[in-house]
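Have the structure open while you read, and click along as the elements come up.

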Amino acid sequence: MNELNEKLTELLDLLRARHYQQLRLLLEDLNPADIAEILVTLTDDEEISQEELIKLFRLIPKDLAADTFVEMEPEMQEKLISSFSDKELHDVVDELYLDDAVDIIEEMPANVVARILKSVDANTRANLNQLLNYPEDSAGSIMTIEYVDLRPDITVWDAFTIIRAAGVDKETIYTCYITDKRKLVGIVTVKDLLLASYEDKLCDIMEDNVISVNTLSDKEEVAQMLSKYDFTALPVVDKENRLVGIVTVDDAIDVMIEEATEDIEKMAAITPSERPYLRTGIFETFLQRIPWLLLLMVSATFTGLIITGFEDALAAQVALTAFIPMLMDTGGNSGSQASVTIIRGISLGEIEFSDLLEVIWKEIRVSVLCGLVLAAVSFGKIMLVDHLMMNNPSITVGVAAVVCLTLLFTVFIAKLVGCTLPMFAKKLGFDPAVMASPFITTIVDALSLLIYMNVAKAMLGI
């Protein structure tokens, strides 16, 4: 980071001094992601104007400029596009891989999209429109059609000739795909080609047990498959097993980050946002949070109704009131532990709905162990601290027994609710992450109070 800050200062000094040749040489030595970060920092800190931003971008060599453009946030991309001439826009888009161009187009307003599509040639426009027509969460929406495909009857020497000629414009050449009349029949890696004889036919050295996905496969599942099999790319086929594209590992990483961020936000009762925190406006952040807060506040009304319904019991045994927060917090935490574990398992494909009974049985045993330990420790704490040290005569063995028994039941119910709700949500087609901490805590709070009051009435006769 310090080195990057030094580069940022040096870059700014050269820009102010108008030493453009040195500035260009400096930019040539930087990674596209670092250049994008520098431009974003300079813009956010208002160190450079819009005109200077455009001037800086124009100093970046054409192929490096395209890679830098991909690394930028949509807001900065839109700013640059609005300042580009038609030729500059064509040059940038022409250098992009198609999947990167699609990602950019999806983030732009309609007028900018129209200008981008107008700037490219007819063939590129047709390919972009084809990719844009796939459902947003499908493999087709994140795939690229820039891959190397080879026929099974050619030799290794012929394969190298084709790769040298066509590989420059492909997103990856390490894995090549063997197709027969467009149907995917095998794969071969550059390592396989390098270690084979030039006269060998590809059909003799290719791997014919090919793992592929359909264009409509969920993109999260595609990312999981790339992780599971340690692939750098995964072929995408249509219903007739014809190769139509590939999903590369960099796109899979983006999907994983996006899905993980979305799950975390949902689990925290926040409407998901695609914008970074510091670039999200106050009002937009407010709108992301307030709906859930209102819903949870209204749903928490049930807790108040339960307490109101047992006012007489609490009045008869006031000491019970002091333990309500502890019981509710413990129940909420127990439910959250179970739900987060199950949601993660569902996201990674480790848990299916068919595992419901096995999950319940495991959580029952865990809840019993946790409940017994918590109850035992709580009993000792109540009798030692609340009864003896604080010299509170209203804290009796009976009260301690009520609290501890409630604690045992609450942990049991909380873990049961926490493990089952996400699984039922997934089965019904909802996002399991919605059934996370805030939602489950609200449910468990109400249940723990019902248990507490009823146990107290049964054991203390109030």
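1. Some ground rules before the tour. Buried means under 20% relative accessible area, exposed means over 50%, and partly exposed is in between, using a 1.4 Å probe on protein chains only. Helices (H or I, at least four residues) and strands (E, at least two) are DSSP runs, numbered from the N terminus. This is a predicted model, so local features need pLDDT of at least 70 and side-chain atom pairs count only at pLDDT 80 or more, while totals for chains, interfaces and linings use all residues. Residues are numbered from 1 along each chain as its sequence is written, and side-chain values use heavy atoms, with hydrogens and water left out.

2. Let's begin with strand 5. Residues 233-237 make up this strand, and 5 of its 5 residues are buried. Which residues point which way? A233, P235 and V237 go to one side, L234 and V236 go to the other, and all are buried.

3. Now the sheet around it.

4. The pairings are worth checking one by one. Strand 4 and strand 5 run parallel and are joined by 2 bridges, with N214 partnered by V237. Strand 5 and strand 6 are antiparallel over 5 bridges; here V236 has G245 as its bridge partner, and L234 stands opposite V247. These two strands form a hairpin with 5 residues between them, and N241 in the turn has a positive phi of about 65 degrees.

5. There is another open sheet, made of 3 strands in the order 1-2-3, again with mixed pairing. Strand 1 and strand 3 stand at its edges with a single partner strand each, so one side of each has no neighbour in the sheet. Strand 1 and strand 2 run parallel, joined by 2 bridges, and L150 has I178 as its bridge partner. Strand 2 and strand 3 pair in the antiparallel sense over 6 bridges, T179 being partnered by L184. The hairpin formed by strand 2 and strand 3 has 2 residues between them, and K181 in its turn has a positive phi of about 55 degrees. Strand 3 (residues 183-189) is mostly covered, with 5 of its 7 residues buried.

6. Next, helix 12 (residues 156-166), where V156, A159, F160 and I163 are buried. They are on the same side of helix 12 because they cover an arc of only 100 degrees around the axis, the arc being that of the directions from the helix axis to the C-beta atoms. An α-helix has 3.6 residues a turn, so residues three or four places apart point the same way. The buried residues of helix 12 pack against strand 1 (149-150), strand 2 (175-180), helix 13 (190-195) and helix 14 (202-205).

7. Is E259 buried or exposed? At 12% relative accessibility, E259 counts as buried, and its place is in helix 16 (residues 249-267). Leaving out residues up to four places away in sequence, E259 touches K219 and E220. E259 and E220 are 39 residues apart in sequence, yet 7.5 Å apart in space, C-alpha to C-alpha.

8. Last, S394, which lies in the loop between helix 21 (356-389) and helix 22 (397-427). S394 is partly exposed, with a relative accessible area of 30%. Its contacts, not counting residues up to four places away in sequence, are Q317, A319 and V399.

Definitions and conventions:
Contact = heavy atoms within 4.5 Å. Pairing = 2+ DSSP bridges.
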